[in-house]
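User: I'd like to learn how to read a sheet and a disulfide in a model like this one. Could you walk me through it?

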Amino acid sequence: MKTLKCGRILSVLIFALSLFSCSKQNDPLPQLSTEKSLLTFGFRQAENPSLAMDYTAQISANMVTMSLPSSVDRSSLVANFSCSEKAVVKIGTRVQQSRVSRNDFTVAITLTVYAEDGSSANYTVNVNRLPSEEKKLKSFVFEKAHNPQLGYDVSCTINKKKKKIICTYPELI
């Protein structure tokens, strides 16, 4: 009887342990994010003192385009950007930090946005130079080729302070 009682207790214990020690085999693994979008891109004056104001780029499909004044040195700019949650942005193998990483934008750059699951999307960034708004006369010449009555080209000097062009030529022209 004692053996039977011990056997039942042992059976109950083994049954109880097997219930609590089993885990579900079909527990889903945590889903890794597949999001890999570049949401915003631009340059802020705060990180780029040569800028007169903040600039925001246009993002269309996988192209990022913007134009900066011709006076801006595009060879060393810090971008301000945002991307999908849990995503990482790289140029080549270098991880980029918004408002920290400095890059040369004189040529097109490929930004790669990596999702948490390892998939990626490439974005081509083109930072163009706007035509100069500076109105400056750099030289003034009467060329013989366009003025057959002249015996030679007449070069003039430009007085920027007085805003005058002074041409000197012999009387016998």
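Analyst: Happy to! Keep in mind that this is a predicted model. Let's begin with an open sheet of three strands, ordered 11-12-13 and paired in the antiparallel sense.

User: Which strands are the edge strands?

Analyst: An edge strand pairs on one side only, and here that describes strand 11 (140-142) and strand 13. From one strand to the next, the twist averages 30°.

User: Over how many bridges do strand 11 and strand 12 pair?

Analyst: Three bridges, running antiparallel. To see a bridge for yourself, go to F142, whose partner in strand 12 is V154.

User: Now the disulfide. What is the general idea, and which residues does it join here?

Analyst: A disulfide is a covalent bond between the sulfur atoms of two cysteines. In this model the count comes to one disulfide, and it joins C156 to C167, with an S to S distance of 1.9 Å. That falls within the 2.5 Å cut-off, so the pair counts as a disulfide.

User: Where do C156 and C167 sit in the chain?

Analyst: C156 lies in strand 12 (residues 154-159) and C167 in strand 13 (residues 164-167), eleven residues apart. As for handedness, the link of C156 and C167 is right-handed, with 100° about the S-S bond.

User: Is C156 buried or exposed?

Analyst: C156 has a relative accessible area of 12%, so it counts as buried, the limit being under 20%. Another cysteine to look at is C83, which is partly exposed at 22%.

Terms used:
Residues numbered from 1 in each chain as written. Predicted model: local features only at pLDDT ≥ 70, side-chain atom pairs only at ≥ 80, totals over all residues. Heavy atoms only, no water. Helix = DSSP H or I, 4+ residues; strand = E, 2+ residues; numbered from the N terminus. Buried < 20%, exposed > 50% of the residue type's maximum accessible area, 1.4 Å probe, protein only. Pairing = 2+ DSSP bridges. Axes fitted to C-alpha atoms, helices over the stretch in contact; angles between N-to-C directions.
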